[in-house]
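Please read them with the sequence and the model open.

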Amino acid sequence: MRWLILPCETRSRELDAKLLLAVLAAARGITSVVGSKKPIDLNLHRFDPAVYVGKSLTGRSRLSLAMPKLLGHKLAVWDEEGLVWASPEIYWRTKIHGPNLNLPSLLIAWGEANAAAWRDHPDYSDTPIALAGNPRTDLLRPVFRNCFDDELNAIRQRHGRFVLINTNFSRVNHYQPRQNRHLKWLREGGSGHSRAGFARHKWELYNAFLATLPDLIRALPSTCFVLRPHPSENRAVWDELAAGLPNLAIDREGNVVPWLMAADAVIHNGCTTAIEACQLECPAIAYRPVVSDQYDHPLPNGISLEARNIAELADRVAACIQDRTGSFRDQIEDPARRALLNRALATFDAPELASERILDALQPLLACDVEGSELTAARLVLYGRRLVAGISRHIPGTANYQPYIAHMFPPTDDAEVQYRVNRLAHCLGLAAVPKVSPLLADVFQIQPGFVS
């Protein structure tokens, strides 16, 4: 039986979900490696034969997807960014490097919309696709909500009742300014270039949020607002915005799940958070001060309540504060919205967990024989990658810049991971709690456990 390798780039978004998959794998007798993506990718030669589950299909991911195969691992891929996009064509141009669709032995889709976008890509060539969903959606089910009690209580102690504002402007307001790709496209692309058009729309939305959100916050002075920037965003911009607004706090600590459980509503534009909010029975309001039929994200905006200006937004927020349950009912009982959610999420109305579907789909790869590997070539490539990483970790703006990696995946020890695993095992009612052991810095082995 092969192991599972589950790399995480953004701890707050991915770690709990991948630990859940590892816990359920351990219940089936399967050992997993879970942790920070960079050290996993640079040390792949040190792991027993495994199924490596990649998280991206962009051109920048090509080497990290090719290396597991060179080392004798099997490759499966889901796309953490495959749920929300403006159109299939823009998704192809911004999130998919065509040849990557044919590297894995298995693609794992969020739902039919994601699978159709892959199948329709001109470079797709019959790689099997599992309509399995993503473990992130499992954590939103009632059975796991007790897992977040500590975080939920801490949030309520800090902020009391509040309305959450989630931003997703990392491509124009990145933690590392050199990574502001949309601004680069605006500088380099012609007026008719699709990337430049998409970048211009995002830039206009970002500036509209900056210009108008203070009006909302001043219009509702007795309401507490908490703005949660995307993990890759430059927080300083939002801290400056909040400086003169006593009822606005900036806070992006931890997983979004307890934030949505605590909030009276969430305000967003084209953000995955709206989909998560729907599963947590939290009203979602799409604030759309700038509108584009070509570049807006139809799924999260389409399943949300909508506001085009500050007056409408203030009315929506006030209604949610007054009657959170009724506002959510108005949102979720719309048949068109439910149809969008069912096409997007394979397990939205299904009883089984996405994690169980994923493990079922991975079973043939986990059970297959270990094959020969091109170890010499792969080790040379890894040696070169480690040299480059060792140098570039000190260079701001690079993907290996150590302060940025630590920002995306803060230092984590095995005691914290064991605590998270224990919570998940308890929610699942497992008698045998998986055992956590450190392998590398921020990388852990999760193995079939013992009866507690």
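This is a predicted model: local features need pLDDT of at least 70, side-chain atom pairs count only at pLDDT 80 or more; totals for chains, interfaces and linings use all residues.

1. Beyond its neighbours within four places in sequence, D48 is in contact with W3 and H73. The C-alpha atom of D48 also lies 7.6 Å from that of R2, although 46 residues separate the two along the chain.

2. The crossing of α1 past α17 is right-handed. On the α1 side the contact is made by L20, L21, L24 and A25, and on the α17 side by S355, E356, I358 and L359. Sorted by class, this contact of α1 with α17 comprises 6 nonpolar, 1 polar and 1 charged residues.

3. Helix α1 also packs against helix α20 (residues 414–428), where the axes come within 10 Å and cross at roughly 55°. The orientation of α1 and α20 is therefore oblique, and their crossing is right-handed. From α1, the residues R11, L15, D16, L19, L20, V23 and L24 meet E416, V417, R420, V421, R423, L424, A425 and L428 of α20. The residues of this contact divide into 10 nonpolar and 5 charged, with no polar ones. L20 and L24 of α1 are listed in the contact with α17 and again in the contact with α20.

4. Turning to the aromatic side chains, the structure holds 8 aromatic pairs. In one of these, the ring centres of F169 and Y206 are 5.5 Å apart and the planes stand at 55°, so the pair is classed as tilted. The pair links distant parts of the chain, with F169 in the loop between β7 (163–166) and α8 (181–188) and Y206 in helix α9 (residues 194–219), 37 residues apart. F169 is buried because its relative accessibility is 1%, and Y206 is likewise buried, with a relative accessible area of 5%.

5. Y206 takes part in a further tilted pair, this one with W203, at 5.7 Å centre to centre and with 40° between the planes. Both W203 and Y206 lie in helix α9, 3 residues apart, which is about one turn of the helix. W203 has a relative accessible area of 33% and is therefore partly exposed, whereas Y206 is buried. F169, W203 and Y206 are among the members of one aromatic cluster, which also includes F209, W238 and Y287.

6. A last point concerns the loop between β7 and α8, which holds P177 as well as F169. P177 is exposed, with a relative accessible area of 63%, whereas F169 counts as buried.

Notes:
Residues are numbered from 1 along each chain as its sequence is written. Side-chain values use heavy atoms; hydrogens and water are left out. Contact means heavy atoms within 4.5 Å. A crossing is left-handed if the near helix is turned anticlockwise from the far one by less than a right angle, and right-handed if clockwise. Helices (H or I, at least four residues) and strands (E, at least two) are DSSP runs, numbered from the N terminus. Ala, Val, Leu, Ile, Met, Phe, Trp, Tyr, Cys and Pro count as nonpolar, Asp, Glu, Lys and Arg as charged, and the others, Gly among them, as polar. Rings of Phe, Tyr and Trp (its six-membered ring) pair if their centres lie within 6.5 Å; planes under 30 degrees apart count as stacked, over 60 as edge-to-face and the rest as tilted. Buried means under 20% relative accessible area, exposed over 50%, partly exposed in between (1.4 Å probe, protein chains only). Axes are lines fitted to C-alpha atoms, for helices over the stretch in contact, and angles run from 0 to 180 degrees between N-to-C directions. Angles under 35 degrees count as roughly parallel, over 145 as roughly antiparallel, 65 to 115 as roughly perpendicular and the rest as oblique.
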